[in-house]
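Me: I would like to go through this structure feature by feature. Please give the general idea each time, then the case at hand.

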Amino acid sequence: RRGNAAVPRRVAARRPKRYDIQGLRAVCMIQVLLFHAWNVGSPIGLDAFLMISAFLMTASFIRSAERGKTPFFIERWANTFKRLVPPLIVVVALSLWASVRLLPANRVPEIFDQAFASLTYTQNWRLIDVAADYFAENSAMSSPFMHLWSMSVQGQVFLLWPVILALCAFIAKRFRWRIRPVAFVVFTLIAIGSLVWLIWFASTDGSVYFYTRALLWEFALGSLFAIATPWLTQLRLPHRAISWLSLLVMAVYYGVVRTDTVSPIAAISLVATSMILVFPTGEMPWGAGRLLAWKPLVNLGDISYAVYLVH
């Protein structure tokens with residue numbers, strides 16, 4: 001049947017909590033901490049962390065739309081930012097206080113500018129304006145708020161994605177199409193556009209890492225896998241083997257592979273991350289998901305946002 005009225009029974013079923021996803025977030029966060037503390041690997045863990053957010057947001061929206069309950073994007077914004085903004089305000093306020101007390105007076109004006117940019121989710125644009133280099137070891141533009149550029153990109157995507165998904169739902173309803181194929185085409189175009197800009201038109205210095213459009217393909221990739229999950233899970237594939245292979249690929253990329261700028265090479269690690277999201281093995285004996293659902297990892301995953309803010 002056509003349209004969104006035909007909802008597979010499995011969509012409406014209550015879904016078990018995915019503890020392995022929280023463990024996966026923890027693994028990504030550990031990699032980010034190791035990179036920033038001891039320069040281990042590359043900051044690919046952050047890319048995966050952001051992509052997981054896009055995967056979950058898109059999956060939730062699509063399931064709601066298939067049940068005939070298309071979420072209003074303003075409601076999505078309110079539900080998202082009421083969780084994200086309060087801890088951000090606390091961290092920025094305390095960091096600003098410490099900066100005024102401890103750093104030279106000539107650095108305070110720029111730090112105030114970056115604090116404001118962090119609170120308004122424009123920190124990445126501010127760093128582009130001051131020509132900051134993400135990979136510079138001793139940058140005059142470094143500040144306690146420099147790492148919040150990624151939260152700004154995430155916040156911008158959290159504003160943009162619900163609007164795009166609502167548009168997909170409107171198109172699907174208007175032409176009596178299914179929403180998944182419509183959304184799949186739209187996010188494929190977004191991914192291609194972002195990659196084309198990154199490969200052929202982006203600058204080659206470290207500032208490219210702050211550009212939202214340089215990272216949109218990563219968010220779009222997460223959305224594409226979220227949309228394609230029902231199609232992929234219908235294939236008779238060895239879930240446990242895929243999950244362990246994916247975890248191995250992530251480990252190699254997190255600990256060994258080095259890239260000096262944002263690069264399409266991250267796609268290999270991101271696809272591996274997506275495979276763990278698509279093929280859950282948390283309830284399977286000897287599945288990688290059982291390892292990721294280990295309670296200490298889950299606990300770290302639960303506070304991963306706060307850990308990133310303060311690390």
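Reply: Start with accessibility: a residue is buried under 20% relative accessible area, exposed over 50%, and partly exposed in between. At 25% relative accessibility, W77 therefore counts as partly exposed. Keep in mind that this is a predicted model.

Me: W77 has an aromatic ring. How many aromatic pairs does the structure hold?

Reply: There are 9 aromatic pairs in the structure. F73 and W77 make one of them, with 5.1 Å from centre to centre and 55° between the planes. Planes under 30 degrees apart count as stacked and over 60 as edge-to-face, so this pair falls in the remaining class, tilted. F73, at 23% relative accessibility, is also partly exposed.

Me: Which pair links distant parts of the chain?

Reply: W149 and Y209 form an edge-to-face pair, 5.0 Å centre to centre with 65° between the planes. This pair links distant parts of the chain: W149 is in helix α7 (residues 149-175), while Y209 is in the loop between α8 and α9 (212-233), 60 residues away. W149 is buried at 1% relative accessible area, and Y209 is buried at 3%. Ring pairs also join W149 and Y209 with F210 in a cluster.

Me: How should I read the nonpolar core, and which residues have the most contacts inside it?

Reply: In soluble globular proteins, nonpolar side chains tend to be buried together. Here the largest nonpolar core has 90 residues, and those with the most contacts inside it are W149, W161, F187 and F219. Helix α3 (residues 44-66) supplies the largest share of this core, 14 residues.

Me: Which nonpolar residues form a patch on the surface?

Reply: I192, V196, I199, W200 and F201 do, with about 570 Å² of accessible area together. Membership needs over 30% relative accessible area, so V196 qualifies with 31%. V196 is in helix α8 (residues 179-201).

Me: How many salt bridges are found, and what is the criterion?

Reply: The criterion is a side-chain nitrogen of Lys or Arg within 4 Å of a carboxyl oxygen of Asp or Glu. A search of the whole structure gives 4 salt bridges. R18 and D20 meet in one of them, at 2.8 Å from N to O. Within that pair, R18 is partly exposed at 24% relative accessible area, whereas D20 is buried at 4%.

Me: Which residues are linked in a network of salt bridges?

Reply: E110, D113 and R126 are linked in this way. R126 meets E110 at 2.5 Å, N to O. R126 lies in helix α6 and E110 in helix α5, so the bridge ties together parts 16 residues apart in sequence. R126 also forms a salt bridge with D113, where the closest N and O atoms are 3.5 Å apart. D113 is in helix α5, 13 residues from R126.

Me: Where is phi positive in a residue other than glycine?

Reply: Y121 is one case, with phi near 55°. Y121 sits in the loop between α5 (108-119) and α6 (123-129) and is buried at 11% relative accessibility. R176 also has a positive phi, about 60°. R176 is in the loop between α7 and α8 and is exposed, with a relative accessible area of 55%.

Key:
Residues numbered from 1 in each chain as written. Predicted model: local features only at pLDDT ≥ 70, side-chain atom pairs only at ≥ 80, totals over all residues. Heavy atoms only, no water. Patch = residues over 30% accessible without salt bridge, like charges linked within 9 Å, V, L, I, M, F, W, Y side chains within 5 Å. Areas by Shrake-Rupley, 256 points an atom, 1.4 Å probe, with all protein chains shown as cover. Helix = DSSP H or I, 4+ residues; strand = E, 2+ residues; numbered from the N terminus. Buried < 20%, exposed > 50% of the residue type's maximum accessible area, 1.4 Å probe, protein only. Phe/Tyr/Trp six-rings, centres within 6.5 Å; stacked < 30°, edge-to-face > 60°. Core = buried A, V, L, I, M, F, W, Y, C linked by side-chain atoms within 4.5 Å.
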